[in-house]
Amino acid sequence: MIYSKYFSVGSRIFLRVFLTYVISLFIVSSSFCEQKKFEESFVDLRVSQNVNDSYYKIYVDEKENPYINVKNFFTDYLGFSETKCDVLKFYCETKMPPNDTLFWIDGRSGEFGNAESSDNEKFDKSSIAVIKKEIWIRYDVIAKWIPIDGEWSLDAYILTMNPKFKLIFDKKVERQELIKKLTKAQLKKDIEQKADIIYPEKDFNAVARYRWGLSVGTQSSSSTSIDYDVTLDFLGGTGVTGQSFAFPLSGKRVISTPYGTYSMRNKKHFALMEFGTTTFDMTPLLLSSVKTDYGFRFDSRDKSERREGNINITDLAPKGTEVDLYINGYYISTVKVADDGRYSFPEVIASGSDSVLLKIYYPNGLEEEKKIDISKDGGNRLPKGEFEERVYVGKGTNNIGNFYFTSLRYGLLHNLTLGVSPMFLPNQNHVTPLIDTYFMPFYWINFLGQAMISSSG
């Protein structure tokens, strides 16, 4: 009996809240929509040279003034992020790339503004309406609210909304055209170099390498894939996490291991501290690269200095970022950041006299340039009297076991560096020592030696 009583009371409360919501929605819709009669129509929308729609849906009032769907227009045509509208509050807000500047409009007060200006502007409340539970705003009010030139041609039924800023879509098209021109210029340069007589370079460099590879594959089958990643800056560092899924139409689904990395760079007492999915790299004489799922990495010195010869450039960036590589002002290639938040340019041939530049284009429209320093001494020489400390701990991927590495190197002389690196290799229960020596008797010649005692003695 008591249960039934409380149940009936709860039902009445729920019914009251529900009716209040319906009545509020009806009041808002009627107060802002039924005062005017709107008719659905389709026009030729022109936003930019690369973004337009010849069959764009609008609503027109009695005077045939076009009203635009806020969420659809700002998201799909202007490329703004986080466009939100609240029908009950008669309020919309959106963020303009690349700096995510907040723009807002309030239909109740008849005001709009943005986060970069403290002064709000008034507008005619009749120019905003709720139609089919969505907010629509007259084109000329949008043109005053956002830096856009708006023009309506009633005779031709053409609506022009020309932004006074560059759209992300336009930037992408411009980049594609630029890459085509740079690729053509690079091809022309290569042809001219092959036709010319090759003389010895001013700086002598000698590289001895060998490589053997085998690639075997089958025809790939159709599949559906899902992946996600999150990048967040907090506590002075950057965190990246994500995972990918593949669902073949025939066969077993593939679910990758979730990855997560938090890194802090260029601090007062260290150059890099990293947790999570990390990669261990060292001069490739006796030890190769190791990737771990649960790792810790500490480097006291900046290891971004690359050695002359064939170098590997790799770093972290948000998924969807595109990175262009330039050497001595010439465009080389473009890579897109992978699902795990990493990008890489393998086997780049460069010397200490070369200018190596990365141009980074983030998904939100921001651009950045990074210069890659190429060390003539191989990046292995330490200034006299300076130390280098490295620590790496992690559980290797594919169940290869735990890996522990520590290193202490010291610049004994201006051209002589010594180091010792005790480590535990995967699936071994004793310390494996590694000793390295770097000696540069002359500027144009250097020696690097490594010695390690393996488990077999």
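Visitor: In what order do the four strands of the open sheet stand?
Guide: This is a predicted model, in which local features need pLDDT of at least 70, side-chain atom pairs count only at pLDDT 80 or more, and totals for chains, interfaces and linings use all residues. Residues are numbered from 1 along each chain as its sequence is written, and side-chain values use heavy atoms, without hydrogens and water. Strands (E, at least two residues) are DSSP runs numbered from the N terminus, and two strands pair if DSSP finds at least two bridges between them. The pairing here is antiparallel, and the order is S22-S21-S24-S25.

Visitor: Which are the edge strands?
Guide: An edge strand here pairs on one side only. That applies to strand S22 (330-336) and strand S25 (367-372).

Visitor: Which residue in S22 stands opposite Val 323?
Guide: Strand S21 (residues 322-327) runs antiparallel to S22, and six bridges join them. Opposite Val 323 stands Val 335.

Visitor: Which residues does the cis peptide bond join?
Guide: Most peptide bonds are trans. In the loop between strand S5 (91-96) and strand S6 (101-106) lies Pro 98. With omega about 5°, the cis bond joins Pro 97 and Pro 98.
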